[in-house]
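Here are a few friendly notes to read alongside the picture. Take the points one at a time and find each piece in the viewer as you go.

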Amino acid sequence: MKGGHLNRFFGRHSCTLAALVLTTIFLWAGEKNPLFISLLSSEEQLKMYTPDLSVADFDSPALLNSRDQHTEEYSHSHVMEDTEEDASIKHSDSAVMDIPVRPSPERVDESTILGSSVNKQGRWVADSQRPLYSGFGCKQWLSDMWACRLTQRTDFTYEGYRWQPDNCEMRDFEGSKFLRRMQDKTIAFIGDSLGRQQFQSLLCMVSGGMENPDVEDVGWKYGLVKPRGAVRPDGWAYRFADTNTTILYYWSASLCGIQPINITDPATEFAMHLDQPPAFLSQFLAQFHVVILNTGHHWNRGKLKANRWVMHANGNPVTDRKLAEIGNAKNYTIYSITRWLDSQIPLHPGLEVFFRTISPRHFLHGDWNTGGSCDNTIPLSRGSEVLRDKSSDPVIEGAIRGTKVKILDITAISELRDEGHISRYSIKASEGINDCLHWCLPGIPDTWNELLYAQL
């Protein structure tokens, strides 16, 4: 009888047991070799990398017109910020490590995903105490191209608003308090030109936009010096002597390790290691206390071609078509660097890492090179409230799930502020070119830093 029961039991459940065994083998293989995952279909990859997404979601409004983000455009910042940005990456930026990117199966800590209610539900409200620094000042750090008070723009009502979260009172930002809170600490922004805007914004905020001769340029300590023939260094670092607080920025638009394929050839292509963090980050991580990452708008074929970047994963060129798709490659990278940082946080007590969600673009009637514009100057014409519980950037939200990396969720609140872009007032743009990607400073990135401060 017992044998009969066992036979019937295994007969009924053999398919289930076989499925469990195969699933275990599959997950083990994926964890040991991230490139193994790239052999899956596009839909299977997205289910595994971004468990809350399907392929259809990439065309949904929740991703803020992901088609626009991944178009074959050359680059917004290339045209409107600085034409030399692409050429600046002519150095080794690699690290050798094998990073599993399978999402963690542990129970989700909602406080980690949402970070704090300060950047979820809430509303923009008028505030006569804004802006936090003068748009005519902060010349020590603020680039002229982002200082809209120095352009021909005449309407600055966008400066007079602050973010008010529901059920939470955000403390007013005070530069001196921030610096005391960050005493003996180093804050590192790593990302693209929008990360650089947030970096400059924070410097202006902590100084009140006033000249401070006691701030020391310490870029040389991090190798952030201008190479021969380059227009600028790969980043900047400044130390506030009174509190020994360092705030730095490193340009890494893709958050990938970049390495020349043939170091002796001036015209060499560069390996873009999707599963490796920038060498700068791995080299100096032990010296950082707060890290803020961002990426997104440089993920397009034009940018890769201009930089001569060739996708690599697991040490080899990417040959799988699905992984080579721009959206999949971006997501693969986001998951890779998030999992690597999650593995590093326990090794560096006191380290806090934030992944900032994507900053929205507001081009209407075309793109940056096809007559697109953002001429609205009426604040909050898109509405003032954010009511959603989940992030408008589900890729970042999914990547940090189950990790110690926190989300700095700025997408939905920034989506309402289309009047805050540089628009047609860019001092470097060609006729007919509008900058509906970067923001005027003072402006929206100041709020990103207030949210960062609240979460710290």
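1. Please keep in mind that this is a predicted model. Across from Gly-122 you will find Val-386 in E13.

2. Now widen the view. E1 and E13 belong to an open sheet of three strands, ordered E2-E1-E13, with antiparallel pairing. Strand E2 (161-165) and strand E13 (385-386) are at the edges with a single partner strand each, so one side of each has no neighbour in the sheet. As background, strands of a sheet pair through backbone hydrogen bonds, either parallel or antiparallel.

3. Next, look for strand E12 (residues 352-356). Five of its five residues are buried, so the rest of the structure largely encloses this strand. "Buried" here means under 20% relative accessible area.

4. Which way do the residues of E12 point? Glu-352, Phe-354 and Arg-356 point one way, while Val-353 and Phe-355 point the other way, and all are buried.

5. Strand E9 (residues 290-293) pairs with E12 in the parallel sense over four bridges, and the bridge partner of Val-290 in E12 is Glu-352. Strand E14 (residues 406-408) pairs with E12 as well, in the parallel sense over three bridges. There, Phe-355 stands opposite Ile-407 in E14.

6. Time for a helix. H8 (residues 193-207) has 15 residues, and the distance from its first C-alpha to its last is 21 Å, close to the 21 Å expected at 1.5 Å a residue. H8 is mostly covered, with 15 of its 15 residues buried.

7. Have a look at both ends of H8. What caps its N-terminal end? Asp-192 does: one of its side-chain oxygens lies 2.9 Å from the backbone nitrogen of Leu-194. After H8 comes Gly-208, whose phi is positive, near 65°.

Notes
Residues numbered from 1 in each chain as written. Predicted model: local features only at pLDDT ≥ 70, side-chain atom pairs only at ≥ 80, totals over all residues. Heavy atoms only, no water. Helix = DSSP H or I, 4+ residues; strand = E, 2+ residues; numbered from the N terminus. Expected span 1.5 Å × (residues − 1). Buried < 20%, exposed > 50% of the residue type's maximum accessible area, 1.4 Å probe, protein only. Polar contact = N/O pair within 3.5 Å; in protein donor to acceptor, adjacent residues only side chain to side chain. Pairing = 2+ DSSP bridges.
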